[in-house]
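Good morning, colleagues. Please have the sequence and the coordinates open while I speak.

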Amino acid sequence: MAREMTVVPYNEVWADLYKIEKELLESIYGELIIDIQHFGSTSIKGMSAKPIIDIMIVVENINQVDNYNELMIEKGYNPRGENGIEGRRYFVKFTSDNSGNHTHHIHIYQKGNPHITDELMFRDYLRADFESFKEYEQVKLGASLKHRYSPGDYVDAKYNCVMRIMEKARQHYIKSGREM
């Protein structure tokens with residue numbers, strides 16, 4: 001069965017699912033973790049989203065993460081290596097129905113990786129700017145209807161919107177003098 005790009009209304013349980021998984025990940029990686037964050041659409045209160053919990057972990061040395069792959073497999077995660085983003089370690093947890101759908105994505109970066117700032121800036125800006133929030137939500141809903149069984153096309157359909165919002169987010173943080 002093909003993986004579905006289904007966007008659903010915000011669910012309060014997503015914050016609890018993050019907390020549960022955060023505890024599991026802290027038990028695995030322990031002192032390697034410098035920071036751990038819930039990001040992505042499920043971390044934005046009120047945002048419709050694919051029901052996948054995105055978690056970012058920041059570590060001092062990304063290469064140490066590879067030593068924990070077997071333990072992650074034991075906990076239900078599929079290690080995907082960099083999976084298209086240099087310097088990242090990416091893990092996927094699947095639904096139990098063998099549909100190929102995902103429940104969790106773990107993104108691990110070494111301290112200083114620019115993706116850390118970009119992901120958190122995008123999340124925080126959507127939390128702060130309702131116009132961008134609504135624009136992104138509408139684009140995601142449209143993309144999920146048009147590309148329900150095509151993850152790549154779903155991502156591509158959001159690209160221009162994401163780039164527009166990222167630019168607004170960068171300008172916002174530059175003007176505010178806030179560091180990310």
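This is a predicted model: local features need pLDDT of at least 70, side-chain atom pairs count only at pLDDT 80 or more; totals for chains, interfaces and linings use all residues.

N83 sits in the loop between β3 (77-79) and β4 (88-94). The backbone at N83 has a positive phi of about 50°, although the residue is not a glycine.

N98 lies in the loop between β4 and β5 (102-110), and it has a positive phi of about 60° without being a glycine. Is N98 buried or exposed? With a relative accessible area of 73%, N98 is exposed, because the threshold for that class is over 50%.

R88 lies over the face of Y90, at 4.3 Å from the ring centre.

I turn now to the aromatic pairs. How many are there under the rule applied here? The count comes to four, and I shall discuss two of them. In the pair formed by Y29 and Y68, the centres are 5.2 Å apart and the planes make an angle of 50°, which is classed as tilted. This pair links distant parts of the chain: Y29 belongs to helix α1 (residues 13-29), whereas Y68 belongs to the loop between β2 (53-59) and α2 (69-74), and 39 residues separate them. Y29 is buried, because its relative accessible area of 2% is under 20%. Y68, at 24% relative accessibility, counts as partly exposed.

The other pair is F130 with F133, and it is stacked, at 5.7 Å centre to centre and 15° between the planes. Both residues lie in helix α4, three residues apart, or about one turn of the helix. Their accessibilities fall into separate classes: F130 is exposed, with a relative accessible area of 60%, while F133 is buried, with 8%.

The axes of helix α3 (residues 114-128) and helix α4 (residues 130-146) come within 5 Å and cross at roughly 110°. An angle from 65 to 115 degrees counts as roughly perpendicular, so α3 is roughly perpendicular to α4. On the α3 side the contact is made by F122, Y125, L126 and A128, and on the α4 side by F130, S132, F133 and Y136. By class, the residues of this contact are seven nonpolar, one polar and no charged.

Helix α3 also packs against α5, at an angle of about 85° with the axes 9 Å apart. Those two helices are therefore roughly perpendicular to each other as well. Which residues of α3 make the contact with α5? They are D118, M121, F122, D124, Y125 and L126, and they meet V162, I165, M166, K168, A169, R170, H172 and Y173 of α5. The contact of α3 with α5 comprises nine nonpolar, one polar and four charged residues.

K175 counts as exposed, given its 73% relative accessibility. Between K175 and L145 there are 30 residues in sequence, and the C-alpha to C-alpha separation in space is 36 Å.

Methods
Residues are numbered from 1 along each chain as its sequence is written. Side-chain values use heavy atoms; hydrogens and water are left out. Axes are lines fitted to C-alpha atoms, for helices over the stretch in contact, and angles run from 0 to 180 degrees between N-to-C directions. Helices (H or I, at least four residues) and strands (E, at least two) are DSSP runs, numbered from the N terminus. Angles under 35 degrees count as roughly parallel, over 145 as roughly antiparallel, 65 to 115 as roughly perpendicular and the rest as oblique. Contact means heavy atoms within 4.5 Å. Ala, Val, Leu, Ile, Met, Phe, Trp, Tyr, Cys and Pro count as nonpolar, Asp, Glu, Lys and Arg as charged, and the others, Gly among them, as polar. Rings of Phe, Tyr and Trp (its six-membered ring) pair if their centres lie within 6.5 Å; planes under 30 degrees apart count as stacked, over 60 as edge-to-face and the rest as tilted. Buried means under 20% relative accessible area, exposed over 50%, partly exposed in between (1.4 Å probe, protein chains only). A charge sits over a ring if NZ of Lys or CZ of Arg is within 6 Å of the ring centre and within 35 degrees of the ring normal.
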